[in-house]
Amino acid sequence: MRIRNLPEAAALRTFYFLSVLLLSLLPTGNAHADEVKRRILAVYDSAFETAPDQTLVHAWAEMPLNHMGYIIDYHDAAKSLPDPQSVTQYAAVITWFTYDLTRTADYLIWARRVADRNVPFIVFGQIGAPATPQNLASVNRILRPMGIAYTSNFVEATSGTRILTNDVSVMGFERKLERILPSYPVIKRLSADAGVALEVQAPARERSMNSALVTAGPGGAFVPGAFAITVDPTLARSQWIVNPFSVFERVLGSAPFPIPDTTTVSGRRLYFSNVDGDGWNDSVEMERYNAHGMLAVEVAEREVIVPYPDLPVTVGLITADLDASYGYGAKASEAARRLFALPQVEVASHSATVPLVWADYEFKSRTNSELPSIAPSPVGADSWLISVKEALGIKTAVVDSKLEGEALQSASPSQSRVYLRDPFSLDEEIISAAKQTSEVAPAGKRARLYTWTGDAKPFAKAVQATRVAGLRNINGGGARFDSNFPSISYVTPIARQVGTERQIYSVNAGDSSFADTGSGSLGGFAKLFDTFNATEIPRRLKGAHVHYHIYSAKKQGSLSAVRRLLDWARSARLAPVTASEYASIADGFFTTRIDKTGPMQWLVTARDGLQTVRFEHAEALSVNVAKSQGVVGSTRSEGSLYVALDASVTDALIVLQSAKQENTASHVAPPAQLEQARWKIRDLRRSECGFSFTAQGFGAGQFEWKDMKAAAYHVAASSKDGPVWEVTTAVGREGRLQFEIPAYGIEPLTIKVSCATENQEKRS
């Protein structure tokens, strides 16, 4: 094709358009695929921050980066530093030092070499080295790509400082700057196009020097600690001053890519619940039950599990709670068998002896503190709760009711376990506990999840043991975002790095986090609604998770709080899954590989249980379903485009287009796609007039499809035993098909949607 007599700009535009068009017509294989860089290297010094989960990066920066699709790899600079060339695999390096590193000179040399390879640095807090004249050249080699330079000047008395630039898209996110600024370094702006979000002018007594205090752009970011987050010294509450999402986006870019999403299933916000077995054999304080000698687990069964067959719940059993030698009767075992037989109950292990401080057992079978106390003595069934709560820093008055028989249990906050008779054994605690738990379950069910106990900070071999045993793992972490914790800084990341393993965190805080330290009441658990709302709008940061303990069935206040949360979940527009399914989704966040295979198209593989990806800032984009492979459907929320993938398609290809474009080059109607559903969908097969799929879930099956041809359709659901339900319905010009299957899909159903025959239309 020849271009004649066009102005230069128009010719260039035409050339660009033709280039994109030709590229879009190329085969969609991955011969020239480029893997999307989703990993960020976090450097810390274990002399000051002892482990990855003790770093400020983990506490504050990891969650926003996870939300944006990034995985953090932690590296201890006190031990070594990676080869600078190997760091080019990372999208960026992030640090949050409040100290000078122990190997300052080595770090500066290394950082300079990494910066020379065009890997951007995201620096919160301090540089990690004193700003001495001999260090300035190296420090500024890191900062130069950002368009700024450090000086040795520092403004202590800031009264009279003028704000020259205050970009509200970055500054004042949760807390505005105070009128009198904190002390600050003098940082020179080197170029007019540096991404400076906050620039100030020092008072005249400081020679009116300008300082670029917050900078973020493609070359990196630098945010001194006092201008990143503020911590109230009285309440010990933190709030972001800068918008971390804006800071990270300015460095990492805003070009769309499929973000592995752990919050959404089938176009709906996901929901799951797990109840830990703590308090299984406790007596209750409600007269209507206490008068009959009912255990807490029996009350939980009657009040919050059996009445909710439409909501999955994962029950974690402590095997020692069924041990007759501890004085427990047959009632405890019978309750476990009844619960595990319920279709909506998933089986989980919550340990053998309830370790409260996991680190104490990394190298020991007994702690020094537990040895002298091992002597038979009658203790209260509730006394274990004292140990749990005091280990977590929660001091609560607990009513003590006596057990029959002698029990080797700890009621002391100095102990590291609840059950002390036998030495600690990792095999007994995880592998044997899961096996014994499975033996209580009916045929066809087994423990699929291990829920961490106590401080929920297992060592690496413990996490590894769960995977060797074929178990997912969860607990620890847990988001709170409410009036008492008014910041995303209390919304935890997806997981915790433990050596080469990852511990999957709870999504939301559990009932014990809402304890009234004066009365011991857990009735405040209903405040979790605030976190549900705050993590949904303006951005969906987390799914909905109800995590409680059997001891919540002891008091009417806490029991009512759990019921309120379950009643909401039952009626809300959610996609309920089991806790182990959520753990597989979270694991999938870290295994998913994304390859860019062409303009606006990506191959998504190795997803584990994760079947949703999200595109940010996608108001003008849509999915080209005809060109994609393994795409079930898409939906929108708060400016993001959520794309549901088919678990039966290992290598999913996602092709985007302008939202105004047609799905095909001709005027043929686009393929139907899912808008949202309560159940999980897989094995989607589209035909000339309809489609079929397999669906599984809890509660009635609610489905909404879009891009349907206007016609009458017959919808039929069947199980392995035969037909279950059918209906004939019409789709109008809006192209939407909605139906609800009034049956539970705990066992998969096959659903077929086809153009209705004349007889079917008449019957409808």
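Me: Leaving aside its neighbours within four places in sequence, which residues is Ser754 in contact with?

Reply: In this predicted model, and with those sequence neighbours set aside, Ser754 is in contact with Cys689, Gly690, Ala712, Tyr713 and His714. Ser754 itself belongs to strand β39, which covers residues 737-755, and in a regular strand the side chains alternate between the two faces of the sheet.

Me: How far apart are Ser754 and Ser692 in sequence and in space?

Reply: Although 62 residues separate Ser754 from Ser692 in sequence, their C-alpha atoms lie 8.3 Å apart in space.

Me: How should I read the pairing around strand β27, and which strands do bridges join to it?

Reply: Begin with β1 (residues 34-35), which two bridges join to β27 (residues 593-598) in an antiparallel arrangement, with Asp34 having Lys596 as its bridge partner in β27. Strand β27 is also joined, by five bridges and again antiparallel, to β28 (residues 601-605), where Val604 is the bridge partner of Ile594.

Me: What lies between the strands in the hairpin of β27 and β28?

Reply: Two residues lie between the strands of that hairpin, in which Met600 takes a positive phi near 60°.

Me: Where does the pLDDT fall below 50?

Reply: Where pLDDT is low, the predicted coordinates should not be read in detail. The mean pLDDT of the chain is 89, with 88% of its residues reaching 70 or more. Over residues 1-30, however, the pLDDT is below 50, and this stretch has 14 contacts in the model beyond near neighbours in sequence. The pLDDT is also below 50 over residues 376-407, a stretch with 69 contacts in the model beyond near neighbours in sequence.

Terms used:
Residues are numbered from 1 along each chain as its sequence is written. This is a predicted model: local features need pLDDT of at least 70, side-chain atom pairs count only at pLDDT 80 or more; totals for chains, interfaces and linings use all residues. Side-chain values use heavy atoms; hydrogens and water are left out. pLDDT is the predictor's confidence in each residue, from 0 to 100. Contact means heavy atoms within 4.5 Å. Helices (H or I, at least four residues) and strands (E, at least two) are DSSP runs, numbered from the N terminus. Two strands pair if DSSP finds at least two bridges between them.
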